[in-house]
Amino acid sequence: MTENAHYFLAIPLPHHIKEWVRKQQNLFLNYGKLTYKHVVDPADFHITLKFLGAMSPTIIDELMNVLKIQVISSPFQLTIGGIGFFGLENHPRVSWLNVEKNEALINLYNQIEQVTLNNGFQQEKRVYQPHITLTKKWVKGDFDPSTYEEVQQVINEIKSISVTQMVLYQVKPKLTPRYQLVDTIRL
């Protein structure tokens, strides 16, 4: 029996922004207070819109056809920058760069949620926190909550990006990059 691949919808980042994010990631890693098992490869930087999970190619093709018809959005701008964390204050399991939650992004996200819900997918239970993941799986080191303010002073540059498309990625954990482009929807 063949296992279905995992997929997700995302906003891709242009190369020059990926390079800038890599510099922010290196600033964070060089800060030297935490160690992570997984440091995201710059080729894999993106903004997740919806994790879809394991699906057959037929189901993913059907869903993409529906999304291309039903998701209506124009290109828009996003602001990124500033560090954030998921997990415990002293042992954050994930570090990330913040992505502005503006009206255009939330509208796009809500449309995707509605289309996927109408097509048999689970609705996301967590509040949408747009971000660009830098590291995952905390290994060691303590992070004093006061250090958060220090890191914010070091990683404080802000960039703006134009969002003109969303993409479908397939997860291939043994490859680099691990997120392989499958399809694109122009906005």
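Reader: Is Val 99 buried or exposed in this model?
Author: The model is predicted: local features need pLDDT of at least 70 and side-chain atom pairs count only at pLDDT 80 or more, while totals for chains, interfaces and linings use all residues. Residues are numbered from 1 along each chain as its sequence is written, and side-chain values use heavy atoms, with hydrogens and water left out. Val 99 is found in strand β5 (strands are DSSP runs of E, at least two residues, and helices runs of H or I, at least four, numbered from the N terminus). Because its relative accessible area is 2%, and buried means under 20%, exposed over 50% and partly exposed in between, with a 1.4 Å probe and protein chains only, Val 99 is buried.

Reader: Which residues of the largest nonpolar core touch the most other members?
Author: A nonpolar core is a set of buried Ala, Val, Leu, Ile, Met, Phe, Trp, Tyr and Cys residues joined through side-chain atoms within 4.5 Å. In soluble globular proteins, nonpolar side chains tend to be buried together. The largest core here has 47 residues, and those touching the most other members are Val 21, Ile 47, Leu 49, Leu 52, Leu 78 and Ile 132.

Reader: Apart from that core, how many residues does another core have?
Author: Another core lies apart from the largest one. With Phe 8, Ala 10, Tyr 169 and Tyr 179 among its members, this core is of 5 residues.

Reader: Which residues are in contact with Val 99, leaving aside its neighbours within four places in sequence?
Author: Contact means heavy atoms within 4.5 Å. With those neighbours set aside, Val 99 is in contact with Ile 47, Leu 78, Thr 79, Ile 80, Leu 105, Pro 130, His 131 and Ile 132.

Reader: Which residues lining the largest pocket are the closest to its centre?
Author: On a 1 Å grid over the protein atoms alone, a pocket is an open set of points where a 1.4 Å probe fits, with protein on both sides within 12 Å along at least five of seven lines; lining residues have an atom within 4 Å of a point. About 1000 Å³ of space lies in this pocket, the volume being the space filled by probe spheres set on points joined across faces, edges and corners. Of its 29 lining residues, the closest to the centre are Thr 48, Phe 86, Arg 126, His 131 and Thr 133.

Reader: What is the distance of the polar contact between the side chains of Ser 95 and Thr 135?
Author: Ser 95 is found in strand β5, and Thr 135 lies in strand β6. Ser 95 is buried at a relative accessible area of 0%, and Thr 135 is likewise buried at 0%. A polar contact is a pair of N or O atoms within 3.5 Å; within protein, one must be able to donate a hydrogen and the other to accept it, and residues adjacent in sequence count only if both atoms are side-chain atoms. For these two side chains, the contact is 2.4 Å.

Reader: Why does Lys 137 count as exposed?
Author: Lys 137 has its place in strand β6, with a positive phi, near 65°, in a residue other than glycine. Lys 137 counts as exposed because its relative accessibility is 52%.

Reader: Which residue is joined to Pro 177 by a cis peptide bond?
Author: Pro 177 lies in the loop between β8 (165-171) and β9 (179-186). Omega of the cis bond is about 0°, and the residue joined to Pro 177 is Thr 176.
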